[in-house]
Number of protein chains: 2
Amino acid sequence: MKRIVIVGGVAAGMSAAARLRRLDEQAEIVVLERDHYVSYANCGLPYHIGGVIPKRESLQVTTPEHLRATMNLDVRTEQDVVGVDRDAKLVQVVDLLSGTRYAEPYDVLVLTQGATPLRPPVPGIDHPRVLTLRSIPDMDAIIALIDAGAQSAIVIGGSYIGVEVAEALRMRGLAVDLVELQPQVMPLLDPELATDLRDHMTLHGVGMHLGTAATAFHDRGGRVTVDLQSGDSLTADLVVLAVGVRPISSLATAIGLALGPRGGIAVDAHMRSSDPAIYAAGDMVEVTDTVTGQPALIALAGPANRQGRIIADHICGRDSAYTSTQGTAVVKIFDMTAVMTGASERTLRRVGRPYQKITIHPSGHAGYYPGSKAMQLKLLFAPDDGKILGAQIVGYDGVDKRIDVLATAIRAGMSVYDLEHLELAYAPPYGSAKDPVNMAGFVAANLLRGDVVAWYAEDYAQLDPSTTLIDVRSPKEYAAWHMANAINIPLPDLRARMDEIQAAAARGPIRLYCMVGFRSYQAYRILRQRGIVDVATLSGGAKTFLGLSGTSLAAEQFDPALTEADLAAEAQLDAVSFAFIRTI
Amino acid sequence: MKRIVIVGGVAAGMSAAARLRRLDEQAEIVVLERDHYVSYANCGLPYHIGGVIPKRESLQVTTPEHLRATMNLDVRTEQDVVGVDRDAKLVQVVDLLSGTRYAEPYDVLVLTQGATPLRPPVPGIDHPRVLTLRSIPDMDAIIALIDAGAQSAIVIGGSYIGVEVAEALRMRGLAVDLVELQPQVMPLLDPELATDLRDHMTLHGVGMHLGTAATAFHDRGGRVTVDLQSGDSLTADLVVLAVGVRPISSLATAIGLALGPRGGIAVDAHMRSSDPAIYAAGDMVEVTDTVTGQPALIALAGPANRQGRIIADHICGRDSAYTSTQGTAVVKIFDMTAVMTGASERTLRRVGRPYQKITIHPSGHAGYYPGSKAMQLKLLFAPDDGKILGAQIVGYDGVDKRIDVLATAIRAGMSVYDLEHLELAYAPPYGSAKDPVNMAGFVAANLLRGDVVAWYAEDYAQLDPSTTLIDVRSPKEYAAWHMANAINIPLPDLRARMDEIQAAAARGPIRLYCMVGFRSYQAYRILRQRGIVDVATLSGGAKTFLGLSGTSLAAEQFDPALTEADLAAEAQLDAVSFAFIRTI
């Protein structure tokens with residue numbers, strides 16, 4: 001009879017325990033959890049703060065008593081594991097309730113201690129109103145301050161937890177400022193996708209302080225003043241630190257387990273540490289990045305749960321293996337959704353991996369069916385075989401669906417050519433006959449097949465002075481906003497004005513753009529086939545250009561009604577393209 | 001310079017035309033459309049009837065004038081193609097406006113005439129108020145009757161168009177009855193998934209008449225009386241026939257093109273008919289079914305659009321090929337969504353393909369985050385290698401997302417083992433840490449690996465009299481409803497009552513069930529490991545059992561409040577299982 005001790009009773013740990021019991025009715029399974037709660041919904045914490053999940057007990061999925069009754073698990077809370085004698089196979093435990101210390105024998109030890117929020121060594125960071133959010137007690141502390149009358153908050157960190165907490169606090173009516181070191185929110189996204197998110201948060205009343213950091217925290221009569229690198233300072237009733245997490249590796253280090261280059265526990269494909277009697281999983285371990293092949297720390301619930309399962313399998317003599325983590329993630333930001341899977345452009349540049357990219361702005365579902373809005377979808381792929389390397393999407397409806405399809409495609413090793421052929425479910429409330437994922441495949445395949453040459457928003461500043469920049473949108477759209485130095489030749493006039501364009505082409509390159517990149521693609525095809533050689537179309541159009549420059553359309557000098565009309569005109573002018581998106 | 005004549009200007013035809021122009025700026029492209037409209041949103045027709053799409057012009061994506069201006073296409077509406085001289089390469093056209101006849105030369109001819117609604121030879125079917133819905137004029141005719149005061153309608157046919165029209169008419173306040181020959185709505189779904197849909201339609205006031213057919217239509221003072229096979233008769237102000245479509249093959253037949261065994265035009269991988277100068281695409285052609293490999297008629301917008309593109313490619317000398325159609329489809333039925341991809345169980349039985357199946361009832365997103373409901377997800381897969389053969393889902397939130405992931409998995413040739421490892425996007429508003437697709441993979445892989453033995457709802461009537469049927473739910477759930485002959489041993493009591501179970505096992509087989517199949521799976525693992533050999537768990541649990549028997553829980557003798565409590569109890573008792581679904 002095997003004796004398995006699991007340290008940590010949330011995602012990976014409880015998954016391992018439950019699966020172990022199902023595979024081995026005889027095993028003795030002990031779960032030691034440092035906190036008061038096991039198996040709670042920690043991704044739900046911000047939503048209880050915000051009141052979306054009204055009942056606190058909804059977050060507590062089970063209790064040690066239930067786990068014993070149904071699964072015959074020995075789950076003990078408030079037990080701190082302070083040491084491991086690997087030779088004697090003994091875990092040293094302190095019972096935090098009684099203060100007593102005891103040893104627990106194991107045949108197999110499973111470490112699933114997770115990660116802990118970073119608290120950078122900034123002066124004053126230990127102020128009692130500078131909080132973090134990782135556990136139910138953390139959540140309780142934030143709610144207690146709100147219930148006690150807190151009316152303002154500063155969130156430090158603009159990644160997942162930071163934006164979720166900012167939203168939650170706004171929903172409770174607090175004035176909220178968000179501070180992020182990078183010049184964008186959601187720093188894992190490439191920058192052009194983050195602009196709309198920033199503006200959406202601003203619209204919802206979050207004060208956005210990007211590209212700056214907290215340099216000090218001061219008490220101001222019980223409130224907190226945060227000094228920023230920018231020279232500004234902010235004062236609020238509470239501060240939530242959400243600047244990332246680091247693996248809880250102190251125990252593993254103390255007992256001599258090997259760590260990986262990023263500071264997480266090193267494990268093999270079976271989630272076994274350098275000691276074959278000790279497994280580890282979840283936020284504390286290093287995984288292989290699916291796309292880059294490099295070691296990575298990726299704190300995600302899905303992988304943690306699946307790793308727990310694999311540990312149970314392997315302990316029970318099965319050959320289950322964990323391959324890699326691709327970093328598929330989603331975050332809700334008020335009415336918007338941001339998602340990613342695989343590598344970002346920033347990551348690919350960092351690792352020196354060749355790539356190509358396209359950006360499109362399709363609707364979540366058929367434009368004529370109410371409730372749909374445009375999303376921005378960026379696809380990264382290999383220049384040689386078109387293999388999909390990564391995708392990011394920001395938008396409203398149907399964003400989470402498309403990233404799951406793309407995540408599956410990456411897992412299957414699909415190329416952009418495969419995306420062209422995917423047969424996805426279509427009815428007007430759900431999608432388009434040519435789904436955004438198909439469209440991304442079409443555009444990317446066009447690029448790889450040489451049917452179009454793209455230029456990118458970041459090339460704008462380096463355009464050769466001899467370049468003729470042509471805006472192929474309508475005169476009305478052009479009048480509302482256009483790139484500096486662009487001339488206007490609307491798509492329908494293009495064939496009639498070939499002489500003019502030929503003359504420009506004799507002087508230098510032709511660079512085209514429109515709102516989202518479709519009319520300029522049509523224009524490219526016309527010009528290229530009529531003998532213009534140095535011509536290219538702006539990938540993602542003006543929308544992506546504005547996103548990269550940190551200026552969303554709404555923030556421009558646009559009359560919003562005109563913008564609406566422009567978009568309608570765009571749809572009309574792109575009629576045939578949209579025809580096959582929208583019809584049937 | 002190539003001259004391409006396209007007959008039919010909606011999905012496949014306009015896709016071909018637009019792509020042709022982009023690939024070949026010089027080609028002469030003529031589109032001949034019999035109707036007044038081209039490139040309109042015919043999947044949107046029911047939604048304009050229902051008022052969800054308020055403006056009729058939203059359905060008209062473009063006009064011939066726009067198509068000429070932007071794409072230099074020669075699009076002619078109200079042109080009836082009455083013949084083709086294949087030797088002379090001439091299309092004979094009647095201009096329906098002037099009545100004149102003319103010949104149009106082609107180098108390449110593309111037929112995209114679509115399909116036409118079936119009108120079975122039932123007496124009285126030509127009554128002027130027995131309508132169909134395929135085109136804008138069809139829609140206008142239905143709306144005209146509503147505007148003229150129609151207060152009741154009968155919809156004949158309970159597949160896609162039928163249920164969409166029934167919903168639309170209910171939204172306009174009409175009394176609606178629906179008649180379907182099969183004993184279920186959505187006959188492409190396996191029957192156990194259709195029960196909830198039926199009850200949902202009933203809840204929304206649609207009178208459901210299943211397993212019966214219209215035998216005659218009579219005029220009753222301008223209204224229509226429909227006689228049913230069942231002996232009943234219904235009278236209403238209008239009737240909408242939605243009993244399927246058949247390919248428009250009269251022209252193709254007249255000019256001697258080969259048809260396939262199902263009556264559609266036979267085409268090769270490049271969508272070329274038996275005449276290499278004539279291509280065809282869309283609802284009029286036969287395709288290869290992805291899963292069965294057999295010829296099939298599958299009228300779907302996505303494949304039609306992609307086929308049009310492939311035709312354009314091939315005409316322009318490219319090697320693009322269409323592989324197959326897997327039948328991915330989605331339909332909205334009031335607040336519910338029904339989806340499918342690949343083969344159904346009925347289809348697999350028909351073609352004699354070996355399969356295994358599992359059914360699960362996961363939530364659309366984390367149960368503790370509001371707005372989620374259980375879906376019923378059925379997965380069909382190969383018994384040998386676990387290759388996914390088909391999937392069907394019925395539910396509320398997130399149903400369309402999961403079918404797109406499964407459709408992609410089928411296209412990638414993935415197995416149920418691959419589903420276990422998919423890394424899908426998780427945050428509480430969007431999904432679960434172990435997504436329904438992962439869960440389906442886990443359950444199916446458990447079955448194939450022999451970790452569980454399933455029994456199925458359809459086996460119930462044939463259970464050997466020596467069988468002990470054990471309901472492992474709570475006494476309260478058991479008291480509310482249980483299968484006839486079942487005894488109650490709640491999961492937490494199982495280990496303590498092994499003597500009793502051993503005695504039963506000595507007498508005959510043990511068959512377990514619970515609400516959705518998870519507690520009984522845990523019970524299976526306990527009993528199997530404690531030496532019970534002939535034990536099996538009911539796949540999909542009581543919910544699927546009731547679905548197959550055509551009885552949804554709501555229709556049982558349940559106090560609805562108790563049902564709610566039972567489900568809560570289920571969630572609580574399945575705590576660990578749901579723990580790893582819900583946590584983090």
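1. A523(B) counts as buried, because it has 25 C-beta neighbours inside 10 Å. A residue is called buried if 20 or more other C-beta atoms lie within 10 Å of its own, exposed if 12 or fewer, and partly exposed in between, with C-beta atoms placed from the backbone. A523(B) belongs to helix α15 (residues 518-529) of chain B. Leaving aside residues up to four places away in sequence, A523(B) touches V472(B), L491(B), L494(B) and L512(B); two residues are in contact if their C-beta atoms, placed from the backbone, lie within 7 Å. From A213(B), A523(B) is separated by 310 residues in sequence and by 45 Å in space, C-alpha to C-alpha.

2. On conventions: this is a predicted model, in which local features need pLDDT of at least 70 and side-chain atom pairs count only at pLDDT 80 or more, while totals for chains, interfaces and linings use all residues. Residues are numbered from 1 along each chain as its sequence is written, and chains are lettered from A and ligands numbered from 1 in the order in which they are written. Helices (H or I, at least four residues) and strands (E, at least two) are DSSP runs, numbered from the N terminus.

3. How are the two chains related? Chain A is superposed on chain B by a rotation of 180° with 0.0 Å of shift along its axis (RMSD 0.0 Å). That is the relation of a two-fold axis. The superposition is by least squares on the C-alpha atoms of residues with pLDDT of at least 70 in both copies. Both copies use the same surface, since 100% of the contact residues of chain A recur in chain B.

4. The contact between the chains takes 87 residues from chain A and 87 residues from chain B. On the side of chain A that touches chain B, α10(A) supplies the largest share, 9 residues. By class, that side has 51 nonpolar, 22 polar and 14 charged residues. Here Ala, Val, Leu, Ile, Met, Phe, Trp, Tyr, Cys and Pro count as nonpolar, Asp, Glu, Lys and Arg as charged, and the others, Gly among them, as polar.

5. Helix α12 (residues 436-449) of chain A has 14 residues and should span 20 Å at 1.5 Å a residue; its end C-alpha atoms are 20 Å apart, which agrees. The expected span is 1.5 Å times one less than the number of residues. Of the 14 residues of α12(A), 12 are buried, including F442(A) and L447(A). The cover over these buried residues includes β23 (356-360), β24 (376-381), α10, α11 (416-421) and β26 (454-455) of chain A. Just after α12(A), G450(A) takes a positive phi of about 80°.

6. Strands β14 (residues 223-228) and β15 (residues 233-236) of chain B pair in the antiparallel sense over 4 bridges; pairing requires that DSSP find at least two bridges. V226(B) stands opposite L234(B) in β15(B). The hairpin has 4 residues between its strands, and G231(B) takes a positive phi near 100° there.

7. Two residues of chain B deserve a check of their backbone. N72(B), not a glycine, has a positive phi of about 55°; it is found in the loop between α3 (64-71) and β3 (74-76) of chain B. With 17 C-beta neighbours inside 10 Å, N72(B) counts as partly exposed. M271(B), also not a glycine, has a positive phi of about 70° and is placed in the loop between α7 (250-254) and β18 (278-280) of chain B. M271(B) is buried, with 31 other C-beta atoms within 10 Å.
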